[in-house]
Amino acid sequence: MVASGIAIGLNKGHVTTKRVLKPKPSARKGRCGKRVGMIRNIIREVAGSAPYEKRLMELLKVGKDKRALKVAKKKLGTHLRAKKKRDEMSGLLRKMRAAGHDMKKAAVKK
């Protein structure tokens, strides 16, 4: 709603122009940078998955998504973190399947 310059009514108030401000540094809090993301990926490749993450992947393989969510929630503490972890693990499974599928194709061509 834009102010009309009149003292009464829904759009009352002095007419002003909206200032365009640059975003505060706090606006990007929690976002993952390029360097940090790359380092985390390397660590995941080297260290592998935690035992509870392996269990989550097994549950997701057999189609027990709800059970996987419950296990993740018990380990991580909050529903939101559990949902994020379940999505991450299902994405990892998808990547592994795709990589396995590509390997099979390469083996058939030879």
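A98 is partly exposed, with a relative accessible area of 39%, and its place is in helix 4. This description, like the rest of the report, refers to a predicted model. A98 and V20 are separated by 78 residues in sequence, and their C-alpha atoms lie 45 Å apart in space.

L93 also belongs to helix 4. Its relative accessible area is 5%; L93 therefore counts as buried, the cut-off being under 20%.

## Salt bridges

The structure holds 5 salt bridges. In general, side chains of opposite charge can pair when their charged atoms come close. One of these salt bridges joins the side chains of R44 and E53, with an N to O distance of 3.3 Å. R44 is partly exposed, at a relative accessible area of 26%, whereas E53 is buried, at 5%.

E53 also forms a salt bridge with K85, and here the closest N and O atoms are 2.7 Å apart. This pair links distant parts of the chain: E53 is in helix 2, which covers residues 51–61, and K85 is in helix 4, 32 residues apart. Both E53 and K85 are buried. For K85 the relative accessible area is 12%, which means that K85 falls under the 20% limit for a buried residue.

K85 has a further salt bridge, to E88, in which the closest N and O atoms are 3.8 Å apart. In this case both partners lie in helix 4, 3 residues apart, or about one turn of the helix. E88 has a relative accessibility of 35%; because this value lies between 20% and 50%, E88 counts as partly exposed. Through salt bridges that share partners, R44, E53, K85 and E88 are joined into one network.

## The largest pocket

The largest pocket has a volume of about 470 Å³. Its lining consists of 13 residues, and the closest to the pocket centre are R40, N41, R44, E88 and L92. Two of these, R44 and E88, are also members of the salt-bridge network described above.

Helix 1 (34–47) and helix 4 (79–109) each contribute at least two residues to the lining of the largest pocket. Helix 4 provides the largest share, with 7 residues. By residue class, the lining divides into 8 charged, 3 polar and 2 nonpolar residues.

## A nonpolar surface patch

M38, I39, I42, I43 and V46 make a nonpolar surface patch of about 500 Å². Among them, V46 is located in helix 1, a helix that also supplies at least two residues of the lining of the largest pocket. V46 has a relative accessible area of 71%. This value is over 50%, so V46 is classed as exposed.

## Summary

Helix 4 contains K85 and E88, as well as the buried L93 and the partly exposed A98. This helix gives the largest share of the lining of the largest pocket. The salt bridge between E53 and K85 connects helix 4 with helix 2, and the network as a whole takes in R44, E53, K85 and E88.

Notes
Residues are numbered from 1 along each chain as its sequence is written. This is a predicted model: local features need pLDDT of at least 70, side-chain atom pairs count only at pLDDT 80 or more; totals for chains, interfaces and linings use all residues. Side-chain values use heavy atoms; hydrogens and water are left out. On a 1 Å grid over the protein atoms alone, a cavity is a set of points where a 1.4 Å probe fits but cannot get out, and a pocket is an open set with protein on both sides within 12 Å along at least five of seven lines; lining residues have an atom within 4 Å of a point. Grid points are joined across faces, edges and corners, and a volume is the space filled by probe spheres set on the points. Helices (H or I, at least four residues) and strands (E, at least two) are DSSP runs, numbered from the N terminus. Ala, Val, Leu, Ile, Met, Phe, Trp, Tyr, Cys and Pro count as nonpolar, Asp, Glu, Lys and Arg as charged, and the others, Gly among them, as polar. Patches are made of residues with over 30% relative accessible area and no salt bridge: like charges are joined within 9 Å, nonpolar side chains (Val, Leu, Ile, Met, Phe, Trp, Tyr) within 5 Å. Accessible areas come from the Shrake-Rupley method with a 1.4 Å probe; for residues, only the protein chains shown count as cover. A salt bridge is a side-chain nitrogen of Lys or Arg within 4 Å of a carboxyl oxygen of Asp or Glu. Buried means under 20% relative accessible area, exposed over 50%, partly exposed in between (1.4 Å probe, protein chains only).
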